[in-house]
Every structure is written in structure tokens, then in C-alpha cells.
Amino acid sequence: MAEQFVAVEQRALWSECAGSNADETILLIAGANASAMMWPDEFVDLLVASGFQVLRYDHRDTGRSTCLEFESAPYSLQALADDAIAVLDAWQVERAHVVGLSIGATLGQVLALDYPERLHSLTVMCGAALDVDFVGNIGRAFPGEPSPDGLPLPDKDVLAVLAARAEPSATREAELARRVAEWRVLCGDMLAFDAADWRAREQRCIEHAGYWQQPANHGQAAPIPLERGQALAHAQVPCLVIQGGQDPLNPPPHGTHIADLFPAARCIEIPALGHCLPSALLAEIAREISRHARASRAQRPAAPNRL
């Protein structure tokens with residue numbers, strides 16, 4: 001795999017490319033405060049085997065990318081979306097199939113609005129629509145207040161586990177244990193939880209970054225204005241929504257709601273999927289993404305893959 005640091009403002013974003021540059025590109029956008037290693041190597045290999053070049057990168061303030069105190073270098077989620085385009089530019093990719101999970105799904109929707117000419121297709125996984133007040137819904141979940149959009153709130157018991165991030169772990173081993181406990185609740189109950197697998201993944205993330213403290217700056221980033229969600233009615237990017245049937249943060253029918261905002265989108269639900277990428281479902285998820293990416297070429301005019 002080839003690596004490259006991408007210059008963005010006063011930062012350098014670490015990125016990695018797998019596969020042949022003769023193939024169309026899939027750009028993977030990770031969730032909040034997650035590095036590129038959120039996408040398992042096995043998953044990248046599956047997409048490459050399906051005939052795609054795959055790019056993944058560390059968000060700012062994660063992994064090997066530049067980490068700065070937020071107060072000294074504040075930014076918005078819009079800036080995180082723009083970072084994705086900087087990565088494509090650095091690798092000289094004119095147009096890509098964008099795949100985003102969690103906050104990556106949010107950023108993918110922004111890219112469909114702001115950079116439609118750079119997207120062959122979009123796949124959003126385990127996310128909320130741009131018009132959903134996710135941050136506000138976290139606050140509503142604990143007292144059980146209704147959501148203004150009528151969609152289900154995040155599970156408050158899962159939110160309580162995630163809140164443990166606010167207390168720094170005393171040791172690397174304690175941090176690994178905390179992360180595994182977090183994945184246990186994010187995975188849901190339908191699949192047997194493989195603690196050893198998730199521990200190995202988090203060890204990989206820590207080794208990649210070179211530090212074991214959990215990044216947290218994305219929680220301070222200015223959100224995307226809710227009214228931008230209505231603009232998705234004019235988005236022409238072919239969109240696939242993958243809904244996790246066990247997702248405790250954006251449970252069904254959040255995925256259907258995202259799909260309904262697009263003029264032509266398809267939502268599929270994977271019943272056993274939580275807010276995660278479990279090893280048992282990687283092949284199925286990669287297959288759906290690859291199928292959507294190939295089908296999207298019939299829906300859009302031909303365009304070069306490289307700059």
C-alpha cells in the first residue's frame with residue numbers, strides 16, 4: 001500500500017491507497033474521532049478484490065494526522081468534508097465512490113451537495129440525515145423527551161457507556177478495555193461479540209497512531225446547519241443507505257429517512273448490523289457497496305477517474 005501526507009491548512013492528513021490506479025476509486029470516510037484504521041484491512045482487501053482502488057485517511061486530530069488543541073485551531077464539520085476532497089486531489093482522483101460511516105455518512109451527504117461532480121456514487125452507513133438534530137437528540141435521550149423529527153432517539157444506556165470517553169484512561173490496558181466495552185454495546189445483540197477481535201483492532205489503531213488517548217476534538221466541531229438536509233432533494237448522486245437493524249445510535253427508520261431525502265436512493269437494512277463493522281458482516285457490506293458502485297456507472301455520464 002502507498003502512503004501520502006496531504007497538506008490542509010496548517011495540518012498534514014495521513015492517507016493510504018490500496019489497489020490499482022487503473023480501477024475506479026472508493027474513498028472511505030471514518031466516523032467521529034476515528035482514524036483510517038476504523039476500516040479493517042480485511043474490508044479494504046475485499047473492496048480491492050472487487051476491482052476498486054481504495055483510499056482511506058486519518059481525519060484531522062486522529063491517527064497520524066496533525067493533532068492540535070481545538071481552541072487554537074477550531075473547525076467545522078464542513079471543514080472535515082472539505083478534507084475528503086483534499087485527499088482526492090492529492091491522489092489525483094477526479095471522481096470517486098464515497099463511503100461514509102456514522103459522521104462519515106454526514107460528511108458524505110455534504111459532499112453530495114457541494115461536490116457532486118467529484119462523486120460517482122455515495123454509500124452512507126449507520127448515519128443520521130443532515131436534517132436530524134443528532135447532538136440535540138443526545139440531550140433529549142436521557143430525560144426521554146421526544147425528538148422533533150419523530151425519529152427514534154439514541155439509546156441512552158449506550159450513550160452512558162460512550163460518555164466514559166470523557167474520563168482519560170490511566171493506562172493503555174485500561175483504554176483498550178474501555179474501547180472493547182464500547183464496541184460491545186455498539187454492536188448490538190444479534191451477533192456473538194468477539195472481544196478478542198475488537199481488542200486486536202483497537203491495538204492496531206493505537207499502534208498506527210502512536211498514542212493510546214482517545215481523540216475527542218470532533219465533538220467540538222461546528223455542526224452542519226439542519227436546513228441543508230432539504231437540499232438533498234436536488235442531489236443527483238446515486239445513493240445507497242445501509243441501515244443497521246441493531247444500530248443503537250441511529251436505529252431504523254433513520255436509514256429510510258436519509259433515502260427519502262434524496263430524489264432516487266435505495267435503503268437496505270442488515271438486521272444484525274449495529275453501529276460498527278463486525279468481521280462477520282464485512283463480506284456482505286463490501287458486496288453491497290461494490291454492487292452499488294458498479295450500478296451507479298449506468299446512472300451517470302462517463303467521466304475520467306483521474307485528474
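Guide: Helices (H or I, at least four residues) and strands (E, at least two) are DSSP runs, numbered from the N terminus. This is a predicted model: local features need pLDDT of at least 70, side-chain atom pairs count at pLDDT 80 or more, and totals for chains, interfaces and linings use all residues. Residues are numbered from 1 along each chain, and side-chain values use heavy atoms, without hydrogens and water.

Visitor: How many cavities of 30 Å³ or more are there?
Guide: One. A cavity is a set of points on a 1 Å grid over the protein atoms alone where a 1.4 Å probe fits but cannot get out; lining residues have an atom within 4 Å of a point.

Visitor: Which elements supply at least two residues each to the lining of the largest cavity?
Guide: β6 (119-125), β7 (239-244) and α8 (254-261). β7 gives the most, with three residues.

Visitor: Which residues line the largest cavity, then?
Guide: Among them are Val124, Val241, Ile242 and Ile258.

Visitor: What does β7 pair with?
Guide: β6 runs parallel to β7, joined by four bridges; pairing takes at least two bridges found by DSSP. Valine 124 stands opposite valine 241 in β7. β7 also pairs in the parallel sense with β8 (residues 265-270), over six bridges. There, isoleucine 242 stands opposite isoleucine 268.

Note on methods
On a 1 Å grid over the protein atoms alone, a cavity is a set of points where a 1.4 Å probe fits but cannot get out, and a pocket is an open set with protein on both sides within 12 Å along at least five of seven lines; lining residues have an atom within 4 Å of a point. Grid points are joined across faces, edges and corners, and a volume is the space filled by probe spheres set on the points.
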